[in-house]
Amino acid sequence: IKADGDRILIHCFGGCETQHVLDAIGLSFADLMPEQVRGQHVYPREKKPFYAGDILKIILNEARLVYLCATDIHQNKPLDQSGRDRLLLAVKRIGHAVGVATHGI
């Protein structure tokens with residue numbers, strides 16, 4: 001199947017392993033990879049879509065952890081270092097998820 005530019009897409013509808021398909025047509029994985037120009041790919045990498053439901057699940061899981069930590073703090077249970085580190089990670093993950101959802105980064 002010819003794609004945009006000079007790229008050719010190969011797909012086995014029988015579900016064969018990629019290596020077996022390449023062997024059958026006399027190619028290797030290196031033959032499929034675009035040449036690099038000064039460290040850059042000739043073809044830009046395609047952005048994979050992020051789905052709102054997946055992002056919301058991540059935020060929900062991290063928000064639950066934040067809630068549990070907040071409950072412990074409210075009950076005067078101190079967080080140990082690993083708990084504080086995990087809470088900070090949750091905040092970073094929520095921020096990253098929001099960035100992906102709003103800016104695709």
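**A walk through the chain**

Guide: To begin with the surface, the chain has an accessible surface of about 8,900 Å², and 60% of it belongs to carbon and sulfur atoms; such areas come from the Shrake-Rupley method with a 1.4 Å probe, and for residues only the protein chains shown count as cover. Please keep in mind that this is a predicted model, in which local features need pLDDT of at least 70, side-chain atom pairs count only at pLDDT 80 or more, and totals for chains, interfaces and linings use all residues. Residues are numbered from 1 along each chain as its sequence is written, and side-chain values use heavy atoms, with hydrogens and water left out.

Visitor: What does the secondary structure of the chain come to?

Guide: There are four helices and two strands, and along the sequence they follow the pattern α-α-β-β-α-α. Helices (H or I, at least four residues) and strands (E, at least two) are DSSP runs, numbered from the N terminus.

Visitor: How much of the chain do buried residues make up?

Guide: Of the 105 residues in the chain, 12% are buried, where buried means under 20% relative accessible area, exposed means over 50%, and partly exposed lies in between (1.4 Å probe, protein chains only).

Visitor: New topic: how many salt bridges does the count come to?

Guide: The count comes to two, taking a salt bridge as a side-chain nitrogen of Lys or Arg within 4 Å of a carboxyl oxygen of Asp or Glu. In one of them, the side chains of R86 and E62 meet at 2.9 Å, N to O. Because R86 lies in helix α4 (residues 81-103) and E62 in helix α3, this pair ties together parts that are 24 residues apart in sequence.

Visitor: And which residue does E62 meet at 3.2 Å?

Guide: That is R93, whose side chain meets the side chain of E62 in a salt bridge, N to O. This pair also links distant parts of the chain, with E62 in helix α3 and R93 in helix α4, 31 residues apart. Taken together, E62, R86 and R93 are linked in a network of salt bridges.

Visitor: Is E62 buried or exposed?

Guide: E62 is buried, with a relative accessible area of 6%, whereas R86 is partly exposed at 27% and R93 is partly exposed at 38%.

Visitor: What is E62 in contact with, leaving aside its neighbours within four places in sequence?

Guide: E62 is in contact with R86, A90, R93 and I94, where contact means heavy atoms within 4.5 Å. As for its own place in the chain, E62 is found in helix α3, which covers residues 52-74.
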